[in-house]
Amino acid sequence: MKRIAIVDKDKCNPAGCGNYLCAKLCPINREGTDCIFVGDDKKAKIDEALCIGCGICVHRCPFGAIEIINLPEELKKNPIHRYGQNEFALYSLPTPIFGKVVGILGVNGIGKSTAIKIIAGVLKPNLGNFDSEATFQELVQYFKGTEAQNFFEAVRDGKIVPAYKPQAVDAIPKQFAGTVRELLTKADQKQKLAEMSAALDLTKLLDHNIEHISGGELQRVAIAATALKRANLYIFDEPASYLDIKQRFKVSDLIKSLADENTAVLVIEHDLIILDYVADLVHLMYGKEGVFGVVSLPKTARVGINVFLSGHLKEENIRFRDHEIRFGSKPPDHKEGKAAISAWRDVSKKLGNFTLAAAQGAINQNEIIGVLGENGIGKTSFVKLLAKVMDPDFGVIDEKIVVAYKPQYLQPNEELVMTVLHDAITKYEAQLIKPLNLKGLFTKQLNHLSGGELQRVAIANCLSQKADLYLLDEPSAYLDVEQRLLVSRIIHDIMELRGTSCVIIDHDLLFVDYISKKIMVFDGEPAVRGNVHGPFNMQDGMNKFLTMLNMTFRRDHESNRPRANKPGSQMDRVQKAGKKLYYI
Ligand code: SF4
Ligand code: SF4
């Protein structure tokens, strides 16, 4: 059986384990052959051809640095790319198709970004021979007889011109100094700057300095800059991050409009409603995080997302989750009658030129409330009022309760994860540390964590506190779709167990649908005024929110998941006429 061995260089600490403990215990080494040996970097290295997969090194390494994985039988070929000996291997690639938006769906660390970097020409693959890059001829040969063969032939012949929006838009201010207009002018090969700025609500921002704009604004600038390039392959890595729901749909419409008979589009996205809306076809990526990744054959977006939710790729005979994820087609039963734990009346607060108002509402014991609304409309400020981080100018907020608060923007510092998570480690090993996979992060500093790792630490930190109400501001940011669903379950279970309540602000509608029992809606004018409405039951809350968006959602008949209707479609018209915008 073919297997792959991964040694995490950051974790491998030969001085701490008693001088290459793994090599001393490996049965092959004990027989006199160097299956585990010392690499040039003084870390342990494993010869995969000699390893028999006994697992002794995996279990005995005190730092959890080794993983040995048996590869699925069908992976007979060399990987398309491997970063180095005992490092991540990618086994196939998604295929761009002219005239289509092709989506890529998979957990973090499974090779999505590696795959699109190869397709965008940013990373030259090595076909598993990590000492040299493959030639185009070798690539064409590797993909002989597949769609990808045509693609690499076109790349070889210089016929593919890619434009690529990277995942990390936060890095743009470090690479470019100047205004939004200057950046977009530089990218504008189509002479469509004004049109693009209007489509993505950037016109008012054009003379702002890149350094001073928000994450959501940076995202839209990066998308506009990519779409303004003259290309025949557009690639968008997580275009929805930082955007509110209205902006997510606007960006999706723009991305869809780029695909034509001479132009292909690839999109990586974790917001399943947006992926479903934007993509014609979807590739699922499976394997093992940080070890290896495989790309499934393309499926229609509806089928691909349903397969993902089912947790089982039948054709490939791969089970990547032990349970199916299902949604309710009807609003959840909500029994009122529990005592209110927090209530507010006629609250208002002025923050510079922005005014926030909340007429009347209450949060009851053991409720999970989703909060929906545009960016810049006061959601985070309202959370801060409830959390008593600041006081209202007028009105009353009951202050009987203790609030634990996870902010939207996480401030990394030099503290160690194990210090921050002290309470979670001592009291909630099974409820938080294990499911959120935090053990491997204990000895890292917060400022050395990725966005997703920091988010998981912040969620665990908030939920480990003793409180009556938990306020989580954008917990889905940086998490992959699997982690979002997992976090939903963890929050649900903890609230049930403790009888406490949770308010969740998020822009991933499927995540909000999955977790919430009630909805609060914010409306107004961004940066000018915000009004707080609710909490409502799910049906009334979703209807109110979708009325603001002028959108409707239908249910998928297999998984019951919500799917956005095309504006003006028959379903859209029927549902609007019946005032059933979310539950049919
Ligand atoms: Fe020691 Fe683990 Fe590194 Fe092997 S992998 S040398 S057991 S720290
Ligand atoms: Fe040696 Fe492989 Fe067993 Fe590890 S899993 S101890 S490398 S034979």
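User: Hi! Which residues come nearest to ligand 2?

Analyst: Hello! In this predicted model, the ones that come nearest are Cys26, Cys51, Cys54, Gly55 and Cys57, out of 13 residues around ligand 2.

User: And how does that shell divide into nonpolar, polar and charged?

Analyst: For ligand 2 there are 11 nonpolar residues and 2 polar ones, with no charged residue in the shell.

User: Now ligand 1, please. Which residues are around it?

Analyst: Around ligand 1 you find Cys12, Cys17, Cys22 and Cys61, along with Asn13, Tyr20, Ala44, Phe63, Ala65 and Ile66. That shell has 9 nonpolar residues, 1 polar residue and no charged ones.

User: Thanks. Switching to aromatics: how many aromatic pairs does a search of the whole structure find?

Analyst: The search gives 11 aromatic pairs. One of them is Phe143 with Phe152, a stacked pair with 5.3 Å from centre to centre and 5° between the planes.

User: Are Phe143 and Phe152 buried or exposed?

Analyst: Both Phe143 and Phe152 are buried. They also belong to an aromatic cluster together with Tyr142 and Phe151.

User: What lies over the face of Tyr142?

Analyst: Lys77 does, at 4.2 Å from the ring centre of Tyr142.

User: Is Phe382 buried or exposed? And what about Phe522?

Analyst: Phe382 has 3% relative accessibility, so it counts as buried. Phe522 is buried as well, with a relative accessible area of 1%.

User: You mentioned E23. In what sense do E23 and E24 pair?

Analyst: E23 and E24 pair in the antiparallel sense, over 7 bridges. Within that pairing, Val521 has His533 in E24 as its bridge partner. The two strands make a hairpin with 3 residues between them, and Ala527 in the turn has a positive phi of about 70°.

User: What about E17 and E24, parallel or antiparallel?

Analyst: Strand E17 (residues 354-364) and strand E24 (residues 529-537) pair in the parallel sense over 4 bridges. Leu356, for instance, has Gly530 of E24 as its bridge partner.

User: Let's do charges. How many salt bridges does the whole structure have?

Analyst: A search of the whole structure finds 19 salt bridges. Among them is Asp41 with Lys45, at 3.2 Å from N to O. Asp41 counts as partly exposed at 32% relative accessibility, whereas Lys45 counts as buried at 11%.

User: Which residue does Arg181 form a salt bridge with?

Analyst: Its partner is Asp207, with the closest N and O atoms 3.1 Å apart. Arg181 sits in helix H9 (residues 180-187) and Asp207 in the loop between helix H10 (193-199) and helix H11 (215-228), 26 residues apart. Arg181 is partly exposed, at 35% relative accessibility, and Asp207 is exposed, at 53%.

User: One last thing: what links up with Asp276 in a network of salt bridges?

Analyst: Asp276 is linked with Arg561 and Arg563 in that network. For Asp276 and Arg561, the closest N and O atoms are 3.3 Å apart. Asp276 lies in helix H13 (residues 272-278) and Arg561 in the loop between strand E25 (553-555) and strand E26 (562-564), so the pair ties together parts 285 residues apart in sequence. Both Asp276 and Arg561 are buried.

Definitions and conventions:
Residues numbered from 1 in each chain as written. Chains lettered and ligands numbered in written order. Predicted model: local features only at pLDDT ≥ 70, side-chain atom pairs only at ≥ 80, totals over all residues. Heavy atoms only, no water. Near = heavy atom within 4 Å. Nonpolar A, V, L, I, M, F, W, Y, C, P; charged D, E, K, R; others polar. Phe/Tyr/Trp six-rings, centres within 6.5 Å; stacked < 30°, edge-to-face > 60°. Buried < 20%, exposed > 50% of the residue type's maximum accessible area, 1.4 Å probe, protein only. Lys NZ or Arg CZ within 6 Å of the ring centre and 35° of its normal. Pairing = 2+ DSSP bridges. Salt bridge = Lys/Arg side-chain N within 4 Å of Asp/Glu carboxyl O.
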